[in-house]
Amino acid sequence: MILGLIALGGAGVVGGKAVQDGLAKVIAPVELHDPTGLVSQIPVGDAFRYYTVTGNVPTKTAQTYQLTVDGMVGHTATYTLADLQAMPQTTLVHDFQCVTGWVVPQVHWSGVQLSALLDRAVPASGATAVRFRSFDGTYTESLTLEQARRADVIVATQMLGGPITHDHGGPVRMYVAPMYGYKSTKWLSGIELTADVQSGYWEHRGYPVDAFIDPSQGGGG
Ligand SMILES: Nc1nc2c(c(=O)[nH]1)N[C@H]1C(S)=C(S)[C@@H](COP(=O)(O)O)O[C@H]1N2
Ligand SMILES: [Mo]
């Protein structure tokens, strides 16, 4: 695995940006399990790292997957994968950037705008934030309701031109385009409207709650 990574990283350097862009897609399916932290020392350039904070995440299929929207809402709802796929789809193409430094350029994502699910849920007047739960049983993240309503925040069902693989958080994960990768909760199981922003998994461990990659977009949010 490690030799393969070095070879691919080298090809990216030799081939220049066009090849690297292609490589992002080629490399992405490679599963980088990195309990040691050593993988991040290897100059793979634009590869996704495979991240999980838990050991064994259950596998969910189109038949077993469910997304719950609840909390401070007028209408609690449950969506299957087919329900999400039947809604209007939004495609986004952006660099994917982890706060630890790795970037995957111009990744294609598609799915349902979170704002559409929020509209259906009818948030209560006291709700100011959205909390994401993962079926890994541990990971959580939050956005303000204003951030959550941005057009470039989607409940993603597609990534890199196909279904989202299990290791990338499939079948459904968040994609919060303007923010660092840790906001994009993998293995999404719940969207909960809350009275206040609640710190997420990494935020309890020191990451900033405001995760805008470009600070000028943040407006202090
Ligand atoms: N459930 C869950 N979601 C998660 C994470 C995680 O460990 N568990 N890691 C986050 C971080 S820090 C990043 S950079 C991206 C990585 O996505 P990837 O594993 O598809 O590369 O997922 C984010 N979402
Ligand atoms: Mo990350």
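How many bridges join β7 to β8, and do these strands run parallel or antiparallel? The two strands are joined by 2 bridges and run antiparallel; two strands are said to pair if DSSP finds at least two bridges between them. The structure is a predicted model, in which local features need pLDDT of at least 70 and side-chain atom pairs count only at pLDDT 80 or more, while totals for chains, interfaces and linings use all residues. Residues are numbered from 1 along each chain as its sequence is written, chains are lettered from A and ligands numbered from 1 in the order in which they are written, and side-chain values use heavy atoms, with hydrogens and water left out.

The protein contains 4 helices and 10 strands. Helices (H or I, at least four residues) and strands (E, at least two) are DSSP runs, numbered from the N terminus. Read from the N terminus, the order of the elements is α-β-β-α-β-β-α-β-β-α-β-β-β-β. Of the 221 residues, 46% count as buried; buried means under 20% relative accessible area, exposed over 50%, and partly exposed in between, with a 1.4 Å probe and protein chains only. The protein exposes about 10,100 Å², of which carbon and sulfur atoms supply 56%. Accessible areas come from the Shrake-Rupley method with a 1.4 Å probe, and for residues only the protein chains shown count as cover. Contact means heavy atoms within 4.5 Å. Among contacts between residues at least 6 apart in sequence, 65% join residues at least 24 apart.

Strand β7 is mostly covered, with 6 of its 7 residues buried. Strand β4 (residues 103–113) is joined to β7 by 5 bridges, and the two run antiparallel. In this pairing, Q113 has I154 of β7 as its bridge partner. I154 also has a bridge partner in β9, namely Y175; β7 and β9 are joined by 4 bridges and run antiparallel. Towards β8, Q158 stands opposite P163. The hairpin of β7 and β8 has 2 residues between the strands, and L160 takes a positive phi near 55° there. L160 counts as partly exposed because its relative accessibility is 23%.

Strand β10 (residues 188–194) is also mostly covered: 6 of its 7 residues are buried. Strand β1 (residues 67–71) pairs with β10 in the parallel sense over 4 bridges, and V69 stands opposite I191. The pairing of β5 with β10 is antiparallel and extends over 6 bridges. Here R133 has G190 in β10 as its bridge partner. In a regular strand the side chains alternate between the two faces of the sheet.

M87 lies in the loop between α2 (81–86) and β3 (90–97). M87 counts as buried because its relative accessible area is 7%. Leaving aside neighbours within four places in sequence, M87 is in contact with Y79, V112, A116, L117 and R120. M87 and Q113 are 26 residues apart in sequence, with their C-alpha atoms 9.3 Å apart in space. S115 is placed in helix α3, and its 13% relative accessibility is why S115 counts as buried. With neighbours within four places in sequence left aside, S115 is in contact with A148 and R149. V122 is found in the loop between α3 (114–121) and β5 (129–134). Phi of V122 is near 55°, a positive value in a residue other than glycine. At 41% relative accessibility, V122 is partly exposed. P171 belongs to the loop between β8 (162–163) and β9 (173–176), and a cis peptide bond with omega of about 5° joins G170 and P171.

Ligand 1 has 20 residues around it, of which R49, Y51, H168, R173 and K186 come nearest. A residue is near a molecule if one of its heavy atoms lies within 4 Å of it. The shell divides into 10 nonpolar, 6 polar and 4 charged residues. Ala, Val, Leu, Ile, Met, Phe, Trp, Tyr, Cys and Pro count as nonpolar, Asp, Glu, Lys and Arg as charged, and the others, Gly among them, as polar. A polar backbone atom of R49 is 2.3 Å from an oxygen atom of ligand 1, and a backbone N or O atom of V53 lies 3.3 Å from an oxygen atom of the ligand. For S184, a backbone N or O atom lies 3.0 Å from a nitrogen atom of ligand 1. The protein covers 99% of the 530 Å² of accessible area that ligand 1 has on its own.

Methods: Polar contact = N/O pair within 3.5 Å; in protein donor to acceptor, adjacent residues only side chain to side chain.
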